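Subject: Structure handover

Hello,

Please find the structure below. My notes on it come after.

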Amino acid sequence: MKKYILIDSGYWFGLLDKRDSYHEPSKAIADLIKNYKIIVPYPSMYEVLNSKFIKDKQKLTQFEEIMKSNKVEFIYDETYRDEALNNTYSIHRKTVPQISLVDSIIREILKDINVKIDFLVTFNQKDFKDVCDIRNIELISE
């Protein structure tokens, strides 16, 4: 059975930047997940492909090769962004973690029982643990 793994933005920075503090854990995770279908929330692309990142041609090329492989499936945010935005605005009134809009969208995707997700790669487990526990999604961080 094919396994599906949703990947948070921090993983890509760790994997592609040798100076990143998560470089070694990201390399180990890459070996672990090499046979999985990779789920990439489209808003993560905005975080990764920022002005600083795209100036490094080697990192950009590596990332492009991964994203254009048949192992990657993108999830667009139309279905999730309104609720995620409302959560972000009202975060101080709720018990959910104080997180960015992109992470709030990822939380909404994780909640969606129609999206097959077996694992979540993130270096911010506390932001997603509650949702992953409910859906029995295994967290991978190192």
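This is a predicted model: local features need pLDDT of at least 70, side-chain atom pairs count only at pLDDT 80 or more; totals for chains, interfaces and linings use all residues.

Residues are numbered from 1 along each chain as its sequence is written, and side-chain values use heavy atoms, with hydrogens and water left out.

Overall fold

The chain has eight helices and five strands; helices (H or I, at least four residues) and strands (E, at least two) are DSSP runs, numbered from the N terminus. Their order along the sequence is β-α-α-β-α-α-α-β-α-α-β-α-β. The radius of gyration is 15 Å, close to the 14 Å that the globule rule gives for 142 residues, so the chain is as compact as a globular protein of that length. That radius is taken over C-alpha atoms, and the globule rule is 2.2 Å times the number of residues to the power 0.38. Along the principal axes, the C-alpha atoms fill a box of roughly 40 × 40 × 25 Å.

Of the contacts (heavy atoms within 4.5 Å) with a separation of 6 or more, 61% are between residues 24 or more positions apart. The chain exposes about 8300 Å², and carbon and sulfur atoms supply 50% of that area. Accessible areas come from the Shrake-Rupley method with a 1.4 Å probe; for residues, only the protein chains shown count as cover.

Cores

Buried residues make up 46% of the 142 residues. Buried means under 20% relative accessible area, exposed over 50%, and partly exposed in between (1.4 Å probe, protein chains only). A nonpolar core is a set of buried Ala, Val, Leu, Ile, Met, Phe, Trp, Tyr and Cys residues joined through side-chain atoms within 4.5 Å.

The largest nonpolar core has 21 residues, and Ile5, Ile7, Tyr11, Trp12 and Phe63 touch the most other members. Elements that each supply at least two residues of this core include strand E1 (4-7), helix H1 (9-16) and helix H5 (57-67). H1 gives the largest share, four residues. Leaving out residues up to four places away in sequence, Ile5 touches Ile33, Tyr36, Lys37, Ile38, Ile39, Phe119, Val121 and Ile140. A second, separate core of 18 residues includes Ile75, Ala84, Phe128 and Ile137.

Salt bridges

There are 11 salt bridges, each a side-chain nitrogen of Lys or Arg within 4 Å of a carboxyl oxygen of Asp or Glu.

- Lys27 pairs with Glu24, with the closest N and O atoms 3.4 Å apart. Both lie in helix H2 (residues 23-32), three residues apart, about one turn of the helix. Lys27 is partly exposed at 37% relative accessibility.
- Asp56 and Lys59 meet at 3.9 Å, N to O. Asp56 is partly exposed at 28%, whereas Lys59 is buried at 12%.
- Glu64 pairs with Lys68, the closest N and O atoms being 2.8 Å apart. Glu64 is partly exposed at 37% and Lys68 is exposed at 64%.

Salt bridges that share partners also join Asp17, Arg19, Asp56 and Lys59 into one network.

Surface patch

Leu85, Tyr89 and Leu101 make a nonpolar surface patch of about 280 Å². Patches are made of residues with over 30% relative accessible area and no salt bridge: like charges are joined within 9 Å, nonpolar side chains (Val, Leu, Ile, Met, Phe, Trp, Tyr) within 5 Å. Leu85 lies in helix H6 (residues 81-89) and is partly exposed, with a relative accessible area of 31%.

Regards
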